[in-house]
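Please look through the sequence and the three-dimensional structure shown here, and then follow the explanation below, which moves from one part of the chain to the next.

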Amino acid sequence: MNGFPAVYVGVDPGSSSGAFAMAHKIHGRWVVDAYNMPDNFRDIWEFFRDFRHDDFTVTVEDVGASMPGNSAKSSRTFAEHVGALKMMLIAANLHHTFVPPKRWMKDLFGDKVPKAPKGSDAKTKAAFKKQRKQFIYDEMKKEWPGCDFSLRQADAVAILLWNLKKAGLR
């Protein structure tokens with residue numbers, strides 16, 4: 001091995017909309033596999049527990065504990081899910097980093113990402129979020145044309161790409 005981990009993982013931590021994306025090399029080419037985020041803590045743990053810590057590096061989107069406009073119940077569920085992810089990374093002894101969404105998006109796409117104007121209402125923000133998700137999906141399909149992943153999984157794939165670029169591997 002060349003001193004780099006064998007597998008890189010990007011995590012979009014949403015409890016109902018999140019995903020994992022994993023990249024590893026096969027015959028000198030990067031291959032990406034994407035998975036929807038498990039919906040319970042045991043399945044999250046089982047996904048990661050058998051990974052060898054020296055072969056993996058995980059980058060998680062640092063989104064905080066809630067999203068503006070979410071109900072108290074969904075904010076609580078989201079915060080618990082993020083906490084479970086953090087504890088799983090520690091328990092599995094996996095090398096991990098956190099990256100704010102503005103950082104990875106700016107680094108990968110500059111100012112091209114659709115953003116709702118300041119002071120927008122909830123309907124306008126939702127429309128821009130949908131445009132942003134589609135933009136990221138389309139860009140990741142260009143970057144990884146032979147890899148199968150969904151719109152839901154595209155942010156995790158982009159976080160993974162950000163990590164690979166940061167490491168100088170892509």
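Strand β4 (residues 56-61) and strand β5 run parallel and are joined by five bridges, where strands are DSSP runs of E with at least two residues, helices are DSSP runs of H or I with at least four, and both are numbered from the N terminus. Within this pairing, Val-60 has Phe-98 of β5 as its bridge partner. The two strands belong to an open sheet of five strands with mixed pairing, in the order β3-β2-β1-β4-β5, and two strands are said to pair if DSSP finds at least two bridges between them. At the edges stand β3 and β5 (95-99), each of which pairs on one side only.

This is a predicted model, in which local features need pLDDT of at least 70 and side-chain atom pairs count only at pLDDT 80 or more, while totals for chains, interfaces and linings use all residues. Residues are numbered from 1 along each chain as its sequence is written, and side-chain values use heavy atoms, with hydrogens and water left out.

The chain as a whole has five helices and five strands, and from the N terminus on these follow one another as β-β-β-α-β-α-β-α-α-α. One of the helices, α2 (residues 72-91), has 20 residues. Its buried residues include Phe-78, Val-82, Leu-85 and Met-88, buried meaning under 20% relative accessible area, against over 50% for exposed and in between for partly exposed (1.4 Å probe, protein chains only). These buried residues of α2 are covered by elements including β1 (7-12), β2, α1 (41-48), β4 and β5. Just after α2, Asn-93 takes a positive phi of about 55°.

Trp-144, leaving aside its neighbours within four places in sequence, is in contact with residues including Trp-30, Val-32, Phe-149 and Leu-161, contact meaning heavy atoms within 4.5 Å. Over the whole chain of 170 residues, 39% count as buried.

Definitions and conventions. The expected span of a helix is 1.5 Å times one less than its number of residues.
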